[in-house]
Amino acid sequence: MLFNTINNLQIKKDNILLIDLDNTLIFSDKANNLSYLFALEKLGLPTLIDINTRITKENFSPFSQDTQQKIFKIKQKVYPDFIHETKTNQILVDFLLKVANTKILVSHSNPIRAEMLLDYHQLNHLFSHKIFCKNQNKYELAIGKLGLNLNQVLIFDNEPEQLINAKKLGILPENLFYIS
């Protein structure tokens, strides 16, 4: 499935923009990875994870629930020490600053970490709403919670799977934008 890119975007005044956070609006993998690696080292656990790939909670499923909770707790605590390793997707940020449309942040991120990122990069003012969820279709949640018209929604995400999920909801393919 081929998605649109921001370069060929045709926007209307009534479009509502749903924007993902991690690696769409803000490139955050390096800070996340360094935080997780710090936690593993602090707990004396092996760090046999490729730091050039995205480290997520799923990487820690072999560990006990108790150990996983310790990793996540330390990761959250030290994340501010690595926030300087995050970078904005300046092309997307510049675009968002130019358009007057309603912008909604939709993310699987931890809300505290997400707010920290938005504050650090001074992007909080861009969004009229922020929707956070864990293990569900984030776009389905946002559209349902806010009562959005599917034909007005434009979605910006770096994960093809998330865009496929949005298409299954009835979002037109021309309203799905793959951001890399």
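Trainee: Which helix gives the most to the lining of the largest pocket?
Mentor: That's H2, with five residues. Keep in mind that this is a predicted model.

Trainee: What volume does the largest pocket have?
Mentor: About 840 Å³. It has 27 lining residues, and those closest to the centre are Thr56, Lys57, His108, Ser109 and Asn110.

Trainee: And which elements give two or more residues to that lining?
Mentor: Helix H1 (29-42), helix H2 (65-82) and helix H4 (111-120).

Trainee: How do the lining residues divide into nonpolar, polar and charged?
Mentor: Five are nonpolar, 11 are polar and 11 are charged.

Trainee: OK, switching to the inside. How many residues are in the largest nonpolar core?
Mentor: There are 36, and Leu25 and Phe156 have the most contacts inside that core.

Trainee: Which elements supply at least two residues each?
Mentor: Two strands, E1 (16-19) and E6 (153-157), do so, along with H1, H2, helix H3 (90-98) and H4. H2 turns up again here, with the largest share of this core at six residues.

Trainee: Back to Leu25, what does that leucine touch?
Mentor: Leaving out residues up to four places away in sequence, its contacts include Ile19, Leu92, Val93, Leu96, Leu105, Leu118, Leu123 and Phe127. Asp20, Lys87, Thr88 and Asn89 are also among them.

Trainee: How many residues does the second core have?
Mentor: That separate core has 15 residues, including Ile16, Ile131, Leu163 and Ala166.

Key:
Residues numbered from 1 in each chain as written. Predicted model: local features only at pLDDT ≥ 70, side-chain atom pairs only at ≥ 80, totals over all residues. Heavy atoms only, no water. 1 Å grid on protein atoms, 1.4 Å probe; cavity = no way out; pocket = protein on both sides within 12 Å on 5 of 7 lines; lining within 4 Å. Points joined across faces, edges and corners; volume = space filled by probe spheres on them. Helix = DSSP H or I, 4+ residues; strand = E, 2+ residues; numbered from the N terminus. Nonpolar A, V, L, I, M, F, W, Y, C, P; charged D, E, K, R; others polar. Core = buried A, V, L, I, M, F, W, Y, C linked by side-chain atoms within 4.5 Å. Buried < 20%, exposed > 50% of the residue type's maximum accessible area, 1.4 Å probe, protein only. Contact = heavy atoms within 4.5 Å.
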